[in-house]
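Hi,

Here's the structure I promised to pass on. Have a look through it when you get a moment, and my notes follow below.

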Amino acid sequence: MTGTLLAGAVGLCVVTAVAALLVPDRARALVTGLGTAGAGGFGVAAGVAAALGGRWSVWLPELLPLAGVRLSLDGLGGLFVAVTGGVAVCASLYAIGYAREHGRIVHGVLPLFVGSMLLVPAAASVSTLLLAWELMALTSLLLVLAEHAHRPQVGRAGMWYAVMTHLGFAAILAGLALFAAHAGGETFEQLRAAELPAAARNTVFLATLIGFASKAGIVPVHVWLPRAHPEAPSHVSALMSAAMVNMGVYGIVRVALDLLGGGATWWWLVTLGAGALSALYGILQAAVSSDLKRLLGYSTTENMGLVLVGVGAAGFFARSGIPVLAGLALTAALLHVVNHAGFKTLLFLAAGSVLRATGVRDLDALGGLRARMPATSVLFAIGALCASALPPGNAFVSEWLLLQSLIHALPASGVAGAVTMPLAVAVIALSAGLAVATFVKAFGIGFLARPRSPGAERSAESPATMLAGMGVTAACCAVLALAPAVVLPALSAAVTVVLPGQPAVSGQVALHLNGVVGTISPALITIALVAAVALVPTALRLVAGRRARRMARLWDCGAGPMTARMEYTATSFAEPLQRVFDNVLAPERDVHVTPAKESAYLVARVRFQARIPDRVEHRLYQPVLAAMEALGGSARKLANGSVHRYLAYGFYALIGALIVLAVIR
């Protein structure tokens with residue numbers, strides 16, 4: 001059953017891609033959307049079947065020279081396949097109304113992108129994994145560049161994404177090639193059974209960690225993410241940010257915990273530290289960003305950082321001989337993967353709805369959308385509540401569970417745990433607080449008050465298909481918030497794959513989740529209070545009877561009616577927070593004073609511009625790029641058009657190669 005469902009998902013992706021190239025323009029968006037959504041539905045069913053029904057595997061030797069294609073779906077892979085399929089369903093329904101103006105190539109590549117993401121967790125050999133990974137990278141790159149003809153910054157974002165994703169691929173290739181060389185084979189069964197020297201194990205871990213972390217958007221290899229996600233079409237941004245980044249987490253868990261069987265304690269401290277740094281840095285950048293989609297991109301870095309905190313803690317606890325806490329931490333991390341996929345899909349789709357209606361994504365130029373786009377405003381508010389990790393949002397459940405695993409580790413985790421776990425708890429608490437400020441800014445500035453641009457004034461509600469995609473996503477978020485135990489069997493199956501032989505884990509996880517969704521749970525109490533606050537005033541008005549509404553001007557202190565210029569902007573809202581973290585963010589400020597023509601002492605205009613660059617990019621990548629540019633400029637002098645010089649280059653290269661071969665022999 002599992003194999004049939006997965007084959008149906010991949011086959012439907014291929015058929016939809018072909019159909020998108022052949023059908024007429026007016027039907028292309030509908031065919032692509034329905035076909036990709038159907039493939040996503042098959043993916044959800046295949047993932048659930050793998051999680052509940054055990055492992056499935058197949059070998060197709062004729063599809064790939066030498067090694068063939070090996071596919072296998074267990075509980076861990078099934079979880080990620082199900083999440084990817086769910087995101088694909090929501091994004092594809094949304095794309096029916098959103099992507100009508102896109103060309104044949106974009107529509108044809110979309111189902112191939114979804115199909116490649118479904119194959120990555122199902123790969124059972126190094127060659128199959130690398131093939132699916134590269135297909136995922138290439139198709140996503142084409143989708144990022146979908147609108148390059150309209151905006152020049154799309155090409156630059158695509159260049160950053162192409163370079164970073166292939167550097168990550170090179171790191172993964174190097175690590176897995178070294179692993180396979182020592183194992184004497186490339187299948188995952190051979191890799192699990194291999195006995196590697198300590199130096200080789202450490203090298204494989206570090207190389208694959210860097211490569212997979214680059215796909216997950218972990219600092220400092222995150223620089224492509226806040227560039228590519230804003231420039232991609234919004235339904236593609238949702239697929240990348242809610243599904244594709246999960247493949248990086250899957251790769252780390254699969255290689256480090258499953259194939260390598262764990263490792264030294266410092267492996268997991270490094271993983272936990274990278275996750276903590278990403279969580280703090282990502283949410284700080286999101287808190288001060290005024291670009292709505294860039295804000296959501298940095299939020300992805302934050303949430304993937306939290307997931308890595310859980311993965312690192314799970315590996316550390318397993319290494320320290322605390323199996324129950326290891327299972328609990330990994331369950332919390334995987335649950336946050338599921339929750340993040342839900343609310344980030346909703347937020348990116350809502351942001352796309354705003355962009356389509358207004359033509360802008362700058363929060364400083366928005367406002368007034370609550371009255372003009374009420375359904376989109378409510379759906380974005382739901383996503384913002386979930387992303388803020390406040391009850392009754394779904395992220396609250398997973399982050400609270402992660403905190404519980406870290407707090408209960410303090411008495412038994414030794415000196416290293418006594419130092420790192422309180423710091424990890426502090427990071428999670430601080431990131432949660434900053435996330436609240438970030439999404440209060442995003443919703444309050446972007447949707448409330450008065451419109452601050454002509455685009456915001458002309459905005460109108462999105463088509464029904466776009467609202468349907470967002471509505472399905474919001475419903476999934478509500479289910480995950482109110483009944484998180486629904487996904488517990490799939491989470492338990494995934495945890496058992498990499499942490500086998502621990503029957504107590506499921507009971508402990510169920511105990512903690514029942515504490516969230518029980519009869520006196522905080523989530524249900526919060527819902528009851530919110531409902532009471534909303535219904536009591538309505539009931540009082542009905543009892544008092546209807547009164548005629550009168551329009552009256554509020555007292556304005558004699559200054560006249562308020563205008564949009566008098567309201568807070570996203571920049572001013574984030575200014576106090578920016579000052580607190582001034583040394584970390586290192587903002588750049590420019591003041592240009594234009595004097596009057598009559599006198600230099602009179603000012604005609606003052607222009608103030610503030611910019612907060614990505615400090616990691618500025619300090620780490622820009623010097624490297626400058627050095628490479630200088631090296632390239634120097635290399636141009638070697639090509640002066642002289643045939644004699646070019647022949648000399650070849651002669652010297654041949655002599656050098658012969659010398660190297662002689663030394664090696």
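Predicted model: local features only at pLDDT ≥ 70, side-chain atom pairs only at ≥ 80, totals over all residues.

For C386, the nearest cysteine sulfur belongs to C477, 4.6 Å away. A disulfide needs the two sulfur atoms within 2.5 Å, so at 4.6 Å the sulfur of C477 is too far from that of C386 for a bond. C477 is buried too, at a relative accessible area of 1%.

Next, a helix pair. Helix α3 (residues 75-98) packs with helix α13 (residues 323-358) at an angle of about 10 degrees, and their axes are 10 Å apart. Angles under 35 degrees count as roughly parallel, so that is what α3 is to α13. On the α3 side, the contact includes L79, F80, V83, V87 and Y94; from α13, the residues they meet include L334, V337, V338, L349 and R356. Sorted by type, the residues of this contact come out as 14 nonpolar, 4 polar and 1 charged.

Last, the start of the chain. M1 sits in the segment before α1 and is exposed, with a relative accessible area of 72%. Its C-alpha atom is 26 Å from that of L135, a residue 134 positions away along the chain.

Cheers

Notes:
Residues numbered from 1 in each chain as written. Heavy atoms only, no water. Axes fitted to C-alpha atoms, helices over the stretch in contact; angles between N-to-C directions. Helix = DSSP H or I, 4+ residues; strand = E, 2+ residues; numbered from the N terminus. Parallel < 35°, antiparallel > 145°, perpendicular 65-115°, else oblique. Contact = heavy atoms within 4.5 Å. Nonpolar A, V, L, I, M, F, W, Y, C, P; charged D, E, K, R; others polar. Buried < 20%, exposed > 50% of the residue type's maximum accessible area, 1.4 Å probe, protein only.
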